[in-house]
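Subject: Structure handover

Hello,

Here is the structure I promised to pass on. My notes on it follow below.

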Amino acid sequence: MSLSTAEPEVLTTTAAAPDPDPGPPQFESWGRYPKYNAKVIPLNWQGDFPAALAGSHDSALPVGLGRSYGDVCLLKDGTLLQTTGMNRLIDFDPETGILTAEAGISLAQILDFAVPRGFFLPVTPGTKYVTLGGAIANDIHGKNHEVAGSFGCHVPCFELVRSDGTRRLCSRTENPDWYAATIGGMGLTGLITWAQLRLRPIVSRGIDYEGIQFHGIDEFLDLKHQYSQAEYSVSWLDCVSTGKNFARGIFMLGDHAKVPGELKPSPEPRLVFPFDAPAFALNRISVSLFNTVFFHKQGKAHVKAVHDYEPFFYPLDAVLHWNRMYGKRGLVQFQYAIPWEHAKEGTIAILQTIANSGLASFLAVLKAFGDIPSLGMMSFPLAGIMFALDFPIKPGITFPLLQRLGDMTLDYGGRLYPAKDAAMTPAQFQTFYPEWQRFARFRDPMLTSSFWERVTDSTGAKPTL
Amino acid sequence: MSTLATPPLDASPASNPTAPDRSKLTKKILVLGATSGIAEATCRIWAAQGAQLFLIARNADKLAAVAADLKTRGAAYVGTAVADLDDTDKHAELLSHAINSLTGMDIAYLAHGILGDQPRAEQDFEHAAQILHTNFVAPVSLLTWLANFCVQRHAGVLAVLSSVAGERGRKSNYLYGSSKAGLTAFLAGLRNRVDREGVTVLTIKPGPVNTAMTAHMKIRKADVNKVAATIVKAIDAKKDNLYVPGIFQPIMFVIRNIPDRIFKKLNL
């Protein structure tokens with residue numbers, strides 16, 4: 001009785017209602033740009049996929065912790081399959097160091113397990129809050145690229161599940177083409193349910209560290225040749241200063257300490273960047289000041305010390321949500337690799353363009369990539385110089401600059417990194433990654449990303465702002 | 001006995017300092033509903049301590065995944081049995097097999113349960129009865145057997161996941177809530193009976209915790225690993241009751257004491 005009167009009322013109300021405000025997106029990439037709404041479905045068990053997509057016609061994308069910067073981990077109006085609940089260990093062999101684990105486990109969780117047992121990641125990026133699956137899908141690299149290659153080089157095998165339910169064991173010898181397509185395959189070839197990772201032994205949490213100030217790219221290259229025996233090397237670079245301080249930086253070297261030390265797990269980080277900084281917080285003056293303080297922090301031109309691995313590898317992980325420093329609008333990253341042939345001239349030209357642009361940005365990262373080939377057909381690293389820099393998003397300024405820097409990278413024979421990108425054009429992408437059409441044949445028909453849609457879009461639509 | 005048990009993990013102490021071998025004294029823990037989010041997080045802490053675990057759950061694939069994880073993390077022993085705990089007729093056989101495999105039992109951890117579908121339960125008594133059976137009747141059967149086992153030995157901890165939802169019925173989940181209220185009352189009575197026999201009964205009342213069971217709820221949820229660490233400490237301290245996170249103790253005090261003439265008008 002009351003039902004019959006209530007029913008049409010409900011219908012009228014729904015029809016008359018304005019579009020509900022979708023609110024902030026449930027899932028953001030680390031750069032917080034672009035912002036897209038998507039449905040998020042958690043995958044907690046290896047058997048959850050493809051069942052989680054049953055009855056859905058939306059495109060989907062497996063994602064982990066959302067630490068890639070642009071839209072490689074986003075899918076506008078699609079379904080994100082968040083794998084972080086799939087974080088179980090499966091096996092560990094202390095004889096070989098081979099760890100088998102579900103793909104949603106984070107590198108932080110792996111370290112919590114491995115360090116007390118005297119093992120460490122074979123390759124680690126600048127944050128430990130990425131998943132094993134994400135590390136494979138972006139074929140990430142670390143400060144030891146010259147001696148260790150990229151992450152995929154240390155993944156003997158993994159399982160790939162497609163949306164049609166087929167499962168493939170992938171290694172260099174079994175399904176080698178699927179193995180090569182999935183390493184660096186941006187999550188598009190299927191879901192990685194579990195993977196093996198070859199850990200390396202350590203005897204201490206300590207890192208034997210050396211920091212050396214340099215001025216200019218020539219000095220950087222000299223240091224690189226002089227200290228080529230160090231396992232880890234990376235340089236922080238001041239991208240704001242011009243004149244005599246142009247391209248000044250600190251060359252940082254590290255080796256795992258050889259003196260046995262404590263192997264306890266890391267404490268939880270306690271600092272959280274509490275709010276979105278206002279747009280004016282990052283400007284030329286504040287960034288210059290920061291860079292000057294950072295450059296002189298070590299006091300002398302050359303220091304040696306033993307550091308814990310946390311501040312050496314993950315200085316920014318100590319402050320959770322540090323990306324809020326860039327405000328609500330977010331940040332974009334520009335990261336290139338240019339082969340040795342043009343590495344020096346390309347780097348100097350690009351650094352000059354950045355310094356002259358006046359677009360304030362914090363310390364940048366400069367390092368050499370070695371010549372160990374990556375195993376993925378879409379992997380980013382190539383032997384030469386790698387450079388990475390964050391930019392705040394300023395309407396009308398940031399994207400034209402990125403466009404220009406992308407074209408310069410292309411002219412010098414280099415390429416940009418999809419995991420850090422929000423701006424490459426289809427033409428740039430398709431030149432950077434000549435195998436993209438072959439790779440496209442391995443893409444799962446149900447899976448795509450906003451990045452993939454953007455860079456394979458033949459209309460060449462450019463990002464707004 | 002050993003033919004029934006899963007073979008113990010061969011963990012050499014040299015390569016795995018956190019996993020002592022089985023001959024040393026480590027906790028023997030029986031876990032019911034071992035694939036639930038809170039149970040799994042709790043077991044990871046026990047595994048890292050080198051505990052001996054026997055896991056019971058309904059889904060064989062999920063149970064195998066959890067067991068492999070706990071073995072790898074350093075549990076000195078992991079035995080498993082696939083069982084539907086709704087089947088109370090099988091409880092005695094199942095529990096004696098589990099305790100034989102563990103060669104004893106220091107802690108029983110009951111973590112199985114269903115949230116159910118409140119709107120459906122309001123229309124469909126079968127579903128309402130299902131919620132009560134899984135969350136109340138089946139635990140009563142298990143705890144009766146386990147309490148008698150512990151009383152005979154004058155030792156043991158029975159740690160049971162109830163819920164803050166059992167503190168007062170609310171329209172949004174009173175079937176789940178009343179099943180947990182019954183469980184809480186049962187545990188209070190059981191504690192009153194067996195405490196003098198040297199047996200500890202811990203009633204755990206979690207607020208919303210971030211697990212698969214609550215994935216659809218858009219509310220503030222506690223981190224499951226922090227909840228698990230609190231539970232492990234409360235068991236070690238032989239507490240009687242645990243609200244987790246602790247803020248729910250004063251919150252539930254207020255909710256319990258709102259007069260019905262006001263409470264009945266609220267949308268909770």
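I start with a helix in chain A. The buried residues of helix 2 of chain A pack against strand 4 (89-93), strand 5 (98-102), strand 6 (119-120) and helix 3 (132-137) of chain A. Contact here means that the C-beta atoms of two residues, placed from the backbone, lie within 7 Å. A residue is buried if 20 or more other C-beta atoms lie within 10 Å of its own, exposed if 12 or fewer, and partly exposed in between, with C-beta atoms placed from the backbone. Helices (H or I, at least four residues) and strands (E, at least two) are DSSP runs, numbered from the N terminus.

Two points before going on. This is a predicted model: local features need pLDDT of at least 70, side-chain atom pairs count only at pLDDT 80 or more, and totals for chains, interfaces and linings use all residues. Residues are numbered from 1 along each chain as its sequence is written, while chains are lettered from A and ligands numbered from 1 in the order in which they are written.

Back to helix 2 of chain A, residues 107-114. It is mostly covered, with 6 of its 8 residues buried. These are A:Leu107, A:Gln109, A:Ile110, A:Leu111, A:Phe113 and A:Ala114.

Two strands pair if DSSP finds at least two bridges between them. Axes are lines fitted to C-alpha atoms, for helices over the stretch in contact, and angles run from 0 to 180 degrees between N-to-C directions. Strand 5 of chain A is joined to strand 9 (residues 191-198) of chain A by 5 bridges. In that strand 9, A:Leu197 stands opposite A:Leu99.

Strand 12 (residues 232-237) of chain A is mostly covered: 5 of its 6 residues are buried. It pairs with strand 13 (residues 248-256) of chain A in the antiparallel sense, over 6 bridges. Strand 12 of chain A also runs antiparallel to strand 18 (residues 364-369) of chain A, with 3 bridges between them. A:Leu237 takes part in both pairings. Its bridge partner in strand 13 is A:Gly249, and in strand 18 it is A:Ala364. A:Ser235 stands opposite A:Leu366 of strand 18.

Strand 18 of chain A is mostly covered too, with 5 of its 6 residues buried. Another 5 bridges join strand 18 to strand 19 (residues 384-392) of chain A, again antiparallel. There A:Phe369 has A:Gly384 as its bridge partner.

**A helix pair in chain A**

The axes of helix 9 (residues 340-357) and helix 10 (residues 398-411) of chain A come within 10 Å and cross at roughly 170°. The two helices of chain A are therefore roughly antiparallel to each other. Angles under 35 degrees count as roughly parallel, over 145 as roughly antiparallel, 65 to 115 as roughly perpendicular and the rest as oblique. From helix 9, A:Gly346, A:Ala349, A:Ile350, A:Thr353 and A:Ser357 take part. They meet A:Leu401, A:Arg404, A:Leu405 and A:Met408 in helix 10.

**Chain B**

Chain B has 9 helices and 7 strands. Of its 268 residues, 44% are buried. Its C-alpha atoms fill a box of roughly 65 × 35 × 35 Å, taken along the principal axes.

The 7 strands of its open sheet follow the order 3-2-1-4-5-6-7, with parallel pairing. Strand 3 (77-82) and strand 7 (241-244) of chain B are the edges. The twist averages 15° from one strand to the next. Strand 6 (residues 200-206) of chain B is joined to strand 7 of chain B by 4 bridges. One partner pair is B:Lys205 and B:Tyr243. Helix 6 (residues 174-194) of chain B lies across strand 5 (157-161) and strand 6 of chain B, at about 160° to strand 6.

**Where the chains meet**

The contact takes 15 residues from chain A and 14 residues from chain B.

Best wishes
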